[in-house]
Amino acid sequence: MEQTIDTFANIPILAATVAGLVLCAILIACKFRNTSKISFVFFLAIGIELAGLVYTYFNRQIMYLVLAIFVSEIILLVYAFVFAVSDPKKRAEKKSTGEKEDAELERYSQQAVQNVTAKYNGIIATNKDMTAKAAGFFSSEDSLSSFLQYFNKMIMEKTAATGSVILVYDENDDILAVKSLEGKFPPPYKLPEDLPHKPLRIETNFKFSQFATKGNIFGDIFTEGKPVIIADPMKDARIYQNEPEDFLKCGPYMFIPMLQDSEGVALVCISRAAGLEPFSEEEIETANILIDSAATALRPLTSFINYTEHAELTKEGDIATKFQKTLLPEKMPVISKLSIGKYCATAENVCGDYYDIIPVRKDRISFVMGDVAGKGMTSLVIMTMIRAMIRLVANTNQSAATIIEWVNKAICSEKNSMDHFASISLINYNSLDNTAQIATSGTNPVLLYSAADKEIKKISADCEPIGVEKNTTFTDIDLTLNAGDILITCTDGILESLNENGVQYSVENLKKVIIENCSLQGKDIANKVKDSLKKFCGTTQQYDDQSLLVVKIQG
């Protein structure tokens, strides 16, 4: 076979292909390293030539290689022509403009990052300062009010407001209560008709106001959980204008809920006097930042308050419980014709129940069962007062109802802020003629087991407890008793004791135990009730004192 120069054409084709690939790789490296600006035209031309070389190598048809070279040359020719006729100065200006725009964009980006960094550094600093300030109020007598007052003044200063009020959410009562009021804050709600339009009276009324969480501007915004900015109160239907007095005219408002873990804890309301400019975007943002910082600072403060209150209640409760035991009879007195039983279990740190047996004279032995509202020292003070008054007046000839009325008037006359309510059942027994006179206040029941009828029924009626209304009247219930009859009185701690399923012991269970054990002595009947109660409740913790008196007529 005769060999010609074309026989070896594949060698330069392969060499040209390798050279093209190397050239392409070098151009790509220049592009990524940014050492030179490489146009895509070069990549396109080299790509076409490489395709022609590869196709020619496999098909041995030079026409395709020539065509590929021609196409790539045309592309390069057009590219070179554009460069030849274009103005170098304009190209340079365009390049310079692009570089300036890139530099400006980079500068703006850096400035934006700096602004965001400065903003959040400011927020962090505000949070730190607010938390440190809150910690400084730990030792204050009323630390929460002191902190809210400080915060209120700060937010007024930072937003150029003329008035600010903080309403704190009370989860137990589901209300918003005013806890701090600074400056002049025109009430945006309708004032009571009988409230005089005088600045001091309006401010005093507002300071002690409470609002439901719906049906009013404060509650609706708090429940919604989103800030509300009112620039023109005249155009907002939620604002009520209590004019014509100038100090009642409403201006711009900000209502911003204070949130912790997405749950509302307070509502901060900021106002400006009528005629002043609305709050700016910057002032609104400042208010939001300060309120978020206050929400953060309140966490350790409220935790500290809860801890100290719990510790104080525990300490007071321990003292009160010890003293409570000294008020209860150590031993049941021996009384002719009577068999007496009792059961008393005090809950930790509660001190709400007391019972007493007062042998006044032969025609009057007084049995008292009391249940005082409140816990700790508060209930102990009221308990001691009631016990002393009943012991003082029991020796008179007054009826049971009159004795309770006297005690009620004395308790209602006490001028203090603590709750002084109590349920009392008083049984005056006359051993000479086997009669009894009963009067009750509140919910302490008195039950009578009739030996003749073999039945037990409640003979007392529920009524207002002691300490509610000074002029409350109470009713005497007169009984004639027979041998085998049993009088029972107890506190609601017995009847409302819960088992592990949350079911109450109830008066029906108590009646059942009394009937089943009616033949026993009073002491034994009380023990049977005790056993029944413990079996019913099991290991379920109880949160109220449990007290029971059983008086059985022997003859």
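Asp 174 is found in the loop between E1 and E2, that is, between strand E1 (163–170) and strand E2 (175–183). Helices (H or I, at least four residues) and strands (E, at least two) are DSSP runs, numbered from the N terminus. The model is predicted, so local features need pLDDT of at least 70 and side-chain atom pairs count only at pLDDT 80 or more, while totals for chains, interfaces and linings use all residues. Residues are numbered from 1 along each chain as its sequence is written, and side-chain values use heavy atoms, with hydrogens and water left out.

Asp 174 has a phi near 55 degrees, a positive value in a residue other than glycine. Its relative accessible area is 37%, so Asp 174 counts as partly exposed. The classes are buried (under 20% relative accessible area), exposed (over 50%) and partly exposed (in between), with a 1.4 Å probe and protein chains only. Accessible areas come from the Shrake-Rupley method, and for residues only the protein chains shown count as cover.

Asn 434 is not a glycine either, and has a positive phi of about 55 degrees. Asn 434 sits in the loop between strand E10 (422–430) and strand E11 (435–441). With 10% relative accessibility, Asn 434 is buried.

**A negative patch**

Asp 174 also belongs to a surface patch of negative charge, where it gathers with Glu 171, Asp 173 and Glu 263. Patches are made of residues with over 30% relative accessible area and no salt bridge; like charges are joined within 9 Å, and nonpolar side chains (Val, Leu, Ile, Met, Phe, Trp, Tyr) within 5 Å. In this count Lys and Arg are positive and Asp and Glu negative, while His and the chain ends are not counted. The place of a charge is taken as NZ of Lys, CZ of Arg, CG of Asp or CD of Glu.

**Salt bridges**

Side chains of opposite charge can pair when their charged atoms come close. A salt bridge here is a side-chain nitrogen of Lys or Arg within 4 Å of a carboxyl oxygen of Asp or Glu. A search of the whole structure finds 10 salt bridges; the table gives some of these.

| Salt bridge | N to O distance |
|---|---|
| Glu 193 and Lys 190 | 3.3 Å |
| Arg 387 and Asp 356 | 3.9 Å |
| Arg 391 and Asp 356 | 2.8 Å |

Arg 391 is partly exposed, with a relative accessible area of 38%. Asp 356 is buried, at 2% relative accessible area, and Arg 387 is buried as well. Salt bridges link Asp 356, Arg 387 and Arg 391 in a network.

For the remaining pair in the table, Glu 193 is exposed with a relative accessible area of 68%, whereas Lys 190 is partly exposed at 48%.

**Aromatic pairs**

A pair of aromatic rings is described by the distance of the centres and the angle of the planes. Rings of Phe, Tyr and Trp (its six-membered ring) pair if their centres lie within 6.5 Å; planes under 30 degrees apart count as stacked, over 60 as edge-to-face and the rest as tilted. The structure holds 13 aromatic pairs. In one of them, the rings of Tyr 169 and Phe 222 have centres 5.2 Å apart and planes at 35 degrees, so this pair is tilted. Tyr 169 lies in strand E1 and Phe 222 in helix H7 (residues 217–224), so the pair ties together parts 53 residues apart in sequence. Tyr 169 is partly exposed, with a relative accessible area of 25%, whereas Phe 222 is buried at 8%.

Phe 185 and Tyr 253 form an edge-to-face pair, 5.5 Å centre to centre with 65 degrees between the planes. Phe 185 lies in the loop between E2 and helix H6 (199–207), and Tyr 253 in strand E5 (residues 253–260), so the pair ties together parts 68 residues apart in sequence. Both Phe 185 and Tyr 253 are buried. These two residues are also part of a cluster linked by ring pairs, together with Tyr 189, Phe 206, Phe 211, Phe 218 and Phe 255.

Tyr 57 is placed in helix H2 (residues 40–59) and is partly exposed, at 26% relative accessible area. The C-alpha atoms of Tyr 57 and Pro 12 are separated by 9.8 Å, the two residues being 45 apart along the chain.

Key. Areas by Shrake-Rupley, 256 points an atom, 1.4 Å probe, with all protein chains shown as cover.
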